Amino acid sequence: MTSATKTRAACLIGWPAAHSRSPLIHHYWLRTLGIEGGYVIEAVPPDDFRDFVLRLSLRGFVGANVTIPHKERALALSKPDARAKAVGAANTLWFKDGELCSTNTDVEGFINNLDAGAPGWDQATDALVLGAGGAARAVLFGLLERGIKQVHLVNRTIERARALADQFGASVQPATWDKAGELLPRAGLLVNTTSLGMHGQPPLEIDVSLLPDNAVVADLVYVPLKTELLSAAQARGLKTADGLGMLLHQAVRGFELWFGQRPQVTAELRALVEADLKHA
Ligand code: NAP
């Protein structure tokens with residue numbers, strides 16, 4: 001493990017310490033905002049996670065991002081906000097009055113990316129969300145918090161969609177994959193939260209020609225950067241929001257909590273991360 005320096009530092013805790021874009025993103029903001037600080041990756045095995053988190057401050061860290069497989073335990077070891085509780089997982093830790101707090105920034109990453117790329121998206125009354133995994137929870141929480149009235153939740157394993165509908169209430173209606181064709185014509189917003197369409201995964205077979213003319217399409221997948229879903233939506237002239245935008249926007253809050261300044265998601269930052277993804 002690396003050790004924190006005396007400057008303000010945050011870390012990403014994961015196991016194994018997978019290649020992550022978070023250091024690139026936070027170092028860019030530290031550099032461009034002229035803040036003396038650090039962001040390092042800490043490979044922490046599950047058996048050591050509790051001790052690591054309980055001694056986070058003693059190790060010199062002002063906070064942390066948490067990734068696989070620690071996100072659920074991070075929630076249990078901290079004081080979670082409503083977003084982290086609803087998602088059932090925490091990805092960002094920070095200290096407030098000495099207490100370790102947590103949130104899940106995928107919610108605002110998703111919503112702020114839509115606001116940036118497709119302003120007015122929240123005029124949609126009906127949304128169609130594909131997938132019912134961890135990312136779908138963040139998306140559902142964000143959509144309902146923003147006032148979307150009806151969300152149709154389509155998933156291969158219908159039990160998972162039903163479980164989320166039970167948790168989020170009557171605004172979320174579970175549906176089987178074969179119903180997607182019927183739901184598309186009234187979906188003002190279509191969101192792919194499955195891993196379909198990602199490199200190495202099967203394609204996402206969805207006919208965007210069935211969507212209304214003013215529909216907005218969001219895809220959480222960011223490898224490739226432009227998924228077939230987004231290409232098809234753009235070819236139809238629909239507004240889109242991509243997965244890389246969500247990834248960048250979700251990093252904003254942690255940085256602000258740890259280093260005291262709210263950073264911007266700039267075209268320069270995006271280009272930097274795009275280049276890194278291309279070389280991965
Ligand atoms: P997860 O919890 O494993 O859920 C995966 C979802 O994809 C489930 O709904 C699963 O359906 C569905 N799925 C997988 N393979 C499928 C197939 N062959 N046919 C139909 N459905 C299939 O994963 P997650 O954490 O929610 O992440 C999902 C995607 O979002 C990933 O691509 C991830 O990289 C991306 N993501 C992006 C961001 C970002 O910032 N851009 C943030 C979070 C996640 P079943 O329930 O039937 O298995």
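User: Setting aside neighbours within four places in sequence, which residues is Ser 102 in contact with?

Analyst: Contact means heavy atoms within 4.5 Å of each other. Ser 102 touches Leu 75, Ser 78, Lys 79, Pro 80, Asp 81, Ala 84, Ala 90, Thr 92, Leu 93 and Trp 94. Before we go on: this is a predicted model, where local features need pLDDT of at least 70, side-chain atom pairs count only at pLDDT 80 or more, and totals for chains, interfaces and linings use all residues. Residues are numbered from 1 along each chain as its sequence is written, and side-chain values use heavy atoms, with hydrogens and water left out.

User: Is Ser 102 buried or exposed?

Analyst: We go by relative accessible area: under 20% is buried, over 50% exposed, and in between partly exposed (1.4 Å probe, protein chains only). Ser 102 counts as buried because its relative accessibility is 0%.

User: Which strand is Ser 102 found in, and what order do the strands of the sheet have?

Analyst: Strands (E, at least two residues) and helices (H or I, at least four) are DSSP runs, numbered from the N terminus. Strands of a sheet pair through backbone hydrogen bonds, either parallel or antiparallel; here, two strands pair if DSSP finds at least two bridges between them. Ser 102 belongs to strand E6 (residues 99-103). The open sheet has six strands with mixed pairing, in the order E2-E1-E3-E5-E6-E4. E2 (37-43) and E4 (79-80) stand at the edges with a single partner strand each, so one side of each has no neighbour in the sheet. E1 (residues 8-14) runs parallel to E2, joined by seven bridges; Gly 14, for instance, has Ala 43 in E2 as its bridge partner.

User: Which strands does helix H10 lie across?

Analyst: Angles run from 0 to 180 degrees between N-to-C directions, with axes fitted to C-alpha atoms as lines, for helices over the stretch in contact. H10 lies across E1, E2, E3, E5 (92-96) and E6, at about 25° to E5.

User: How do I read the aromatic pair in H10, Phe 255 and Phe 259?

Analyst: Rings of Phe, Tyr and Trp (its six-membered ring) pair if their centres lie within 6.5 Å; planes under 30 degrees apart are stacked, over 60 edge-to-face, the rest tilted. There are five such pairs. Phe 52 and Phe 61 make a tilted one, at 6.3 Å centre to centre and 35° between the planes. Phe 255 and Phe 259 are tilted too, because their planes stand at 50°, with centres 4.8 Å apart. Both sit in H10 (residues 243-259), four residues apart, about one turn of the helix, and both are buried. Together with Trp 29, Tyr 39 and Trp 258, Phe 255 and Phe 259 form one aromatic cluster.
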